[in-house]
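Please prepare a briefing on the charged pairs and the ligand surroundings in the structure shown here.

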Amino acid sequence: MTNLLTEVISWKVDASTGYIDCTQLENYATLFRPKFIVTNTSAYAHCYDYARLRKFLFATTCGMHATNIVLDSNLEDKVLIEDGSIVMNQPRPNVNTYTDATQLVIGPKRSSKIRRPSQRRIDPQGRRRRMTNHFTKVLQLMSGLIDERLNERKMGNHTNGDVLDSLLNICPQEIDRNHIEHLFLDMFVAGSDTTSNTLEWAMAELLKNPHTLEKAQEELAQVIGRGKLIDEADVAKLSYLRCVVKETFRIHPPAPFLIPRKAVEDVEFCGYIIPKDSQVLVNIWAIRHDSSLWEDPLDFKPERFWESDIDVRGQNFELIPFGAGRRICPGLPLAIKMVPVTLGSILNTFNWKLHGGIAPKDLDMEEKFGITLGKAQPLLAIPVPL
Ligand code: HEM
């Protein structure tokens, strides 16, 4: 499916570098709507006296994917907050369905025993059944949106040119509808949890280190003006915010072992022989702890990037939260826009404090390993309208 994704969205491998050229996806990323993020935060703040940020950020990220990246259709008026969850107005299925489905994939399993191949079909906790059920509903959501788009195109009043349009232009000759639905599912699964976890960690680190929060808000106030929405173009002017994002990627890489590789032949690497067919994990979590690479590696210090050219795009191996080389994350161009725009928007339109009178230094920062490296305890933070 990834090959298909790569082909369809015209990602090309640059012959000289071997890297994927994600220019076209990057163009889609210009469709962000910060207003959507802030409207959600604002609605959330009114619903609750505290915000369970993870749920909100996850739903917001999904919403952004849906409204801005994959489908440039304007779903904003159709998205609302109910009972603390972001739901789509009827007749669309509830976005929680997607959240629940992902939680089932990445959530803790009661039995961690490795089962024999003959037992793999057994589903004692009903997870597979529930997951299939949830994913079916998400696929129905995608299907409904595709129907809508096809109708709009038939009526001749559609001018979007988003990812869905690119795919429909080559459907059914090169790709069928079933592929489109599953392709969108892939993008949602790979993109939402990674992005929302990064945002939750960024907020947790800022709240734990109030001087960094103040500095980030101060910069936003000076460059953008307090209370104003930020958009992509502003990010270039927000150096400290960009340092905060890099430092969050460094300390909390969502995929701490990247995606497993397999040696296709015996390889000698740094004096070791890696036998053919070995599974190879790249431990970027350990790289972040390496004091020969980073001064005070466990401390959250965005300032370390002030004077540094180190970037997350796969050229500096001490910081590769998106991987590197041919299999580098194809969502990188989206994510490096989505994270600072979302973070900057919620920082510039609200004041934030920890729920329950917790002192910043006591904030629990334990990690929990699932498909992505999340925060073990959800961050509870109160958005205080300005
Ligand atoms: C903070 C955000 C994100 C992070 C940190 C992240 C990180 C990663 C990493 C580390 C990999 C594996 C790369 C490797 O093994 O070398 C990966 C793969 C992938 N990511 Fe992301 N990702 C993010 C957001 C996204 C988004 C927004 C999308 C799509 C919209 C996406 C789609 C994918 C896909 C399809 C793959 C599989 C690529 C392949 O197998 O070749 N990611 N991502």
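The count comes to 14 salt bridges, where a salt bridge is a side-chain nitrogen of Lys or Arg within 4 Å of a carboxyl oxygen of Asp or Glu. This is a predicted model, in which local features need pLDDT of at least 70, side-chain atom pairs count only at pLDDT 80 or more, and totals for chains, interfaces and linings use all residues. Residues are numbered from 1 along each chain as its sequence is written, and side-chain values use heavy atoms, with hydrogens and water left out.

**Salt bridges**

- Arginine 149 pairs with glutamate 152, with 3.9 Å between the closest N and O atoms, and both residues lie in helix 6 (residues 127–155), three residues apart; helices (H or I, at least four residues) and strands (E, at least two) are DSSP runs, numbered from the N terminus.
- Arginine 149 is buried at 2% relative accessibility, whereas glutamate 152 is partly exposed at 28% (buried means under 20% relative accessible area, exposed over 50%, partly exposed in between, with a 1.4 Å probe and protein chains only).
- Arg149 and Glu152 also belong to a network of salt bridges that includes Arg153 and Asp165.
- Lysine 215 and glutamate 303 form a salt bridge with an N to O distance of 3.0 Å, which links helix 9 (residues 210–223) to the loop between helix 12 and helix 13, across 88 residues.
- Glutamate 367 forms a salt bridge with arginine 288 at 3.1 Å between the closest N and O atoms; because glutamate 367 lies in strand 11 (residues 367–369) and arginine 288 in helix 12, the pair ties together parts that are 79 residues apart in sequence.

**A buried glutamate without a partner**

- Glutamate 205, in helix 8 (residues 177–208), is buried yet has no salt bridge, and the nearest side chain of opposite charge, arginine 288, is 7.0 Å away (Lys and Arg count as positive and Asp and Glu as negative; His and the chain ends are not counted).

**Ligand and iron**

- The only protein donor of the iron atom of the ligand is Cys329 (SG), at 2.3 Å, donors being N, O and S atoms within 2.8 Å of the metal (3.2 Å for Na, K and Ca), with water not among the atoms, so sites may look incomplete.
- Cysteine 329 is placed in the loop between helix 12 (284–288) and helix 13 (332–349).
- Oxygen atoms of the ligand lie 2.5 Å from a polar side-chain atom of arginine 261 and 2.6 Å from an N or O atom in the side chain of arginine 327.
- Helix 8 gives the largest share of the shell around the ligand, six residues.

How values were computed: Polar contact = N/O pair within 3.5 Å; in protein donor to acceptor, adjacent residues only side chain to side chain.
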